[in-house]
Amino acid sequence: MPTPSTAPGSLDPDDWRAARAQGHRMLDDILDYLEDIRERPVWQPAPDAVRRKFRAPLPLDGCDLQDAHLSFMQDILPFSVGNAHPGFMGWVHGGGTVVGMLAEMLAAGLNANLGGRDHVPIEVEAQVLRWVIELFGFPGDASGLFLTGSSMANLIGVLVARTRALGAEVRSRGVARLSPGLVAYTSARAHGCIAQGMDLAGLGREQLRAIPVDADGQMDLASLAAAVAIDRAAGLTPFLVVGTAGTVDTGAIDDLTGLAALARRERLHFHVDGAFGAMAMLSPALAPRLRGIELADSIAFDFHKWLQVPYDAGFIVVRDRELHLRTFATQEGTYLSRGERGMSAGSPWPCDFGPDLSRGFRALKTWFTIKVYGAERLGGMIARTCELARHLAQRIGETPELELLAPVSLNIVCFRHVGTYDAAGDEDTLDALNRNLVVALQESGTAAPSSTVLDGRFAIRVALFNHRSSVREIDALLDATLALGRSLCASSSISRAIGSTL
Ligand SMILES: *Cc1c(COP(=O)(O)O)cnc(C)c1O
């Protein structure tokens with residue numbers, strides 16, 4: 001007996017069979033995109049005509065799903081930043097996987113809200129937390145949760161440290177009434193979100209000291225100890241040190257064991273920004289480089305970078321569960337009251353450990369990724385991106401027109417085109433050449449590095465995070481860099497610096 005499958009006003013399909021067929025077409029199209037991605041340019045600029053299509057007025061009448069899908073295929077898909085493409089080597093972007101994508105679709109269908117209540121999706125998140133605890137050698141009762149990304153996770157780290165320093169009463173009385181002049185420390189190469197965390201926590205960006213780094217890009221521990229002593233002598237209260245496991249510029253890893261010892265001696269909260277680098281724990285070859293991370297009081301990291309989980313999937317893990325809870329839990333809101341049984345059981349809820357009440361099921365795509373690929377294969381993939389970086393560094397070393405600008409610690413390579421031998425000394429000219437080169441590479445669609453500035457020198461920055469990248473893409477990048485570098489040199493005022501080698 002047919003039962004009506006839609007309620008009046010419901011947004012469900014009138015024709016489930018047609019919706020199913022359309023859904024399968026959409027799935028096929030996006031699988032085609034991933035399977036054939038090497039045939040596409042990494043990135044291409046969006047024409048104005050395409051951008052104008054996204055300035056339409058609010059649609060009063062809807063359109064067919066099929067038409068919206070067509071718009072996606074024509075106007076959105078070709079003009080994304082291209083981080084799924086193996087030639088994408090800019091910033092710190094994961095490439096995503098088919099497994100993660102399919103899991104995300106299941107999560108959207110279930111439409112679970114992981115703020116709280118008693119359901120197994122929260123068990124899935126707790127399972128991922130237990131894996132994280134195992135990976136980092138944290139105590140079994142450590143707490144943690146998914147967030148959008150490491151920017152938020154680092155903010156949580158700062159807030160937990162603030163509770164430790166000022167007590168939970170800071171939440172009601174405010175920083176201004178309690179502040180004894182809290183000061184935090186991180187390296188000069190730390191990510192900008194650490195300063196943002198100090199800002200959002202009401203502690204002030206100026207209360208974060210940028211400690212100089214050594215030639216390897218690691219925070220200088222003697223300078224750190226000196227800065228703490230100076231601040232104490234000035235009557236300030238040092239409360240937090242943030243180490244970086246994988247700096248965004250060059251992939252440098254701070255001496256985490258040394259930082260942990262100093263933090264203990266000085267009674268500072270020891271937080272690690274492991275945004276991408278922390279996932280190197282999955283590779284037995286790389287994990288020893290992160291020694292000391294197990295001593296952290298909290299770690300922020302992302303599954304959406306090196307682990308390839310589709311955006312977004314950041315995470316924070318905190319050693320002291322009570323401290324974490326005291327930073328966020330409230331007794332307010334009768335609509336959020338907890339029970340022993342029924343759906344309001346299972347307290348504390350994830351919303352007691354962070355600022356979000358409504359939370360998506362980020363855990364599912366992460367659980368699928370780790371379960372389907374397994375830790376060994378994921379660790380191997382991470383190690384391979386580091387091998388590619390070493391291959392690139394070696395080829396740069398063999399090429400007179402190119403110069404390596406920083407030691408290669410993990411999977412990030414910073415270099416520049418030097419024009420020719422007699423260009424040496426004219427740094428402005430080289431900066432201009434390399435600045436143009438990065439844009440030309442991106443516009444070529446062949447390879448898409450990004451850039452940074454190291455010790456005042458403009459660098460082409462190649463960050464190998466994509467599991468699809470291979471030696472082929474590295475060699476294509478080098479060929480394109482040399483060819484474009486040659487034509488840029490020939491066509492611009494800097495040609496005066498060009499000798500016979502080009
Ligand atoms: C990417 C990154 C961040 C910021 O993380 P999001 O996930 O982009 O918010 C922080 N620190 C480092 C070292 C990073 O690489």
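**Labels and cut-offs**

Mentor: R232 has 32% relative accessibility, so R232 counts as partly exposed; that label sits between buried (under 20% relative accessible area) and exposed (over 50%), with a 1.4 Å probe and protein chains only. Keep in mind that this is a predicted model, where local features need pLDDT of at least 70, side-chain atom pairs count only at pLDDT 80 or more, and totals for chains, interfaces and linings use all residues. Residues are numbered from 1 along each chain as its sequence is written, and side-chain values use heavy atoms, leaving out hydrogens and water.

Trainee: What makes E266 and R232 a salt bridge?
Mentor: The rule asks for a side-chain nitrogen of Lys or Arg within 4 Å of a carboxyl oxygen of Asp or Glu. The closest N and O atoms of E266 and R232 are 3.0 Å apart, so the pair qualifies. E266 sits in helix α11 and R232 in helix α10, 34 residues apart; helices here are DSSP runs (H or I, at least four residues).

Trainee: And why is K365 called buried?
Mentor: K365 is at 2% relative accessibility, which falls under the 20% limit, so buried is the word. K365 also forms a salt bridge with E104, at 3.1 Å from N to O.

Note on methods
Helices (H or I, at least four residues) and strands (E, at least two) are DSSP runs, numbered from the N terminus.
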